[in-house]
Each structure stands twice: as structure tokens, then as C-alpha cells.
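Please read the points below alongside the sequence and the coordinates.

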Amino acid sequence: MSRRLGRGVVLVAAVGLLAAVVLYSWQAMRSRDDGPPAGRQTSQAQAPRPDVSVVTVTPGAYRAWAHGYGQAAARFELTLTAQVQGQVEELAGDFDTGRRVARDTVLARLDDTDYRAAVASAEDALAAARLALLEEERRGVQARAEWRASGLKGEPDSELVLRAPQLAAARAALASAEAALAGARKDLAYTRIRAPFDALVVARAVAPGSFVQTGTEIATLYGTDRVEVEVFLSARDWANLPDPATIASGEWPVTLTGVEDGRRWRGEVLRVAQHLDQTTRQRALIAAVETPLDRDPPLLPGTFLELEVAGRLIEGLWRLPSAALSQRGEIWYVHDDDRLASFAAEPLFSADGAIYVRPPQALGEAPQQVLVHPLDGYLQGMAVRPVEVKSDD
């Protein structure tokens, strides 16, 4: 009997153990079906939101600016050449590279012996032509008196009788002699090679003793009265500017900044091109700076410049840091529930490190928090914690 009792105890224990295993397995399956424990749900819901730097902006009225780049070029750039041939006898003391020369300064003097002889010969020929004309006029008067004294009526059958052709030939000979003298004197004057305008000597190609032919290069000169800067602007820039007649009135200011050293000059819009460039397909604006070498600092021809020109006053724009525009061309902002949203934007213009964009109409009714440095990984509806930073306004 004791043996039967022992077997019963073992059987009951085995059944209990099996029931415990089944109950544990059933609870584990139920836990997987019902999701994670309540404690884990609470920790996920309270995960920290990332901080984002924002600025609060409202629409305002701002003056547009157009930007472009160009090179300062002298108003006149001339390769000065010899008009006559001869040997260089003398050069002006200021006729050196980098020097400035005034208009009509004699830069070089050629040997003029042959040209003075030519002038003297032309003067002699002119005097002879004048004498011949006077004599022919006298003969014409005498011939007409003789015709009248002959008692014949009317005019003679030939013009030679009254010496009309001879008189015309004498007058033509005089005109030719006068022209020859003028040409000889002009050639003599060309032996003095003069600066045609106030100029900067960029290069000199002759020396005392050089022999030059007609057309030989003497020097390269840049005018010093004005430099011009041609800048091509996009259609969007032109839309932000006043009409061409207003901007080209000669009183519209521009700011020119040296790309290499940051120096600045004040200039005016000189004119506006009336065609599109075949290469850039853009329209050019030409600005000018008067007496550039007398400015402080001087504006040298060849300086590469950035041009800024003021445009129209445009309303309803956001002024944002330039970094607020993402690489995808989007502006990100924060909703009232601290979630991200964005819209595609193209700045109308930029100035002083800021961009100016026109927001959607729905966002222009109240101040908005705009991200200063949006990241490519941001998603629409992403929960964030906005942190206000100081604006540059």
C-alpha cells in the first residue's frame, strides 16, 4: 500500500508541473499579442524631441537689390599708331608705363626734315597757282573786252574765246595746290605724336632712334575720365528694378565692391543694353565711375567688381538668413503643435547675408518660426523643440 501511495504522489506532482508549464506558455503568448508592457510605452512616448534653431519672422516691405559681376574697363582703350613714317628723335618725359598724360601732350617727335620740305614745296606750288589764276582772270577780262569791241552780236561759238575753260582749270589747280599744302602740313603735324585724350600709359612700344612706318604701334592708352562696368542681370533681377528709362537717367546709384580686397566705390547707372547677349541670353546694365584714378582708393581698370543696384520696394516678404534655404530649395518652419512643415521657395533677391522670399499667403497672416539651419533628414510632421535665436534684423 505504501508503494501505491508513493506512485500517486509522483503522478500528482508531474501533472502539476505540466499545468504550470502550459499556464506560463499561455501567458507569454498573450503578452506578445497585447504589445509591450505599459512601462515601455510610457518611456517611448516621452522620448526627447530634437532642438531646432528658429527665428520668428513677419512679412514686411523691403527694397530689392540686384547683384552682378563685371570688370572695370576704361571708357577709351586705344592702340596709338604712327600716321607717318620717320625716325623717333625725342620722347616726352612722362611717356612711360604707368604714367598719366594730359590730352594733346606730345608723346614722341619724329624727324620732320622731309615733311618741312614738303610743306615748303606745297606753299610754292600754291603761290604759283594763285598767280596763274590771277593772270587767267585778267586774260578773261581782256578777251571779253575784245569780243565786245569786235561789234559781233551774242556769245561766241566756243567757250575758249572768252577763256572760260582756262579760268576753270586755273581755279581747279589752285584748289589742288591748297589741298596739297593742307596735306603736307597735316603730315608735318603727324610727326608730333600726341595723346588724343587724358590717358594712362599702359604700354610704350618705341624708343629714341626707332624708325616707325605708317601704322606702327606707338603705345597703348587708357582714358582716365571714366571707367565702365558691364554686368549681365537675369530676368528676375530686371523684374525687381525700375523701368530702364528711370534707371538709366544718370542719377541711379550703384555700389561697386572689389572682389579681391573688398574696397568699395560709388557709381551711377550709365545706360542699359537694348538687346540680349547671344552667349548669356541676359541683358546688360552698364555702370560708370567718373575720374576713377582720383578716387580714394583709386579704381584701376581691370579690377573685378561686384555690382549692387537698388531696386523697387516690394511688400509681403520674409527676411531670412541665407542658411534658412535648404539645399533642396525649401524653407522649413514650425507649426503651432511644434511639428515641421516646409514649402519650396526661390529668393527674389539677397543682400548683406540675408535672403528675401515671398511666403505662401496662408503663412503671411501671423508670425512664423522659421528654421535657421534645416537639415536634409527632416521630415514633414516631425516633432521638434524650437529654440529662438537672435535675428540679424
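Which residue in β21 is the bridge partner of Val52? It is Pro386.

1. The model is predicted, with local features needing pLDDT of at least 70 and side-chain atom pairs counting only at pLDDT 80 or more, whereas totals for chains, interfaces and linings use all residues. Residues are numbered from 1 along each chain as its sequence is written, and side-chain values use heavy atoms, without hydrogens and water.

2. Strand β1 (residues 51–57) runs parallel to β21, and four bridges join the two; strands are DSSP runs of E of at least two residues, helices runs of H or I of at least four, numbered from the N terminus, and two strands pair if DSSP finds at least two bridges between them. Both belong to an open sheet of five strands with mixed pairing, in the order β17-β16-β20-β1-β21. Its edge strands, each pairing on one side only, are β17 (340–344) and β21 (385–388).

3. Helix α3 (residues 113–149) packs against helix α4 (residues 164–190) at an angle of about 165°, with the axes 8 Å apart; axes are lines fitted to C-alpha atoms, for helices over the stretch in contact, and angles run from 0 to 180 degrees between N-to-C directions. That makes α3 roughly antiparallel to α4 (angles over 145 degrees count as such).

Notes
Parallel < 35°, antiparallel > 145°, perpendicular 65-115°, else oblique.
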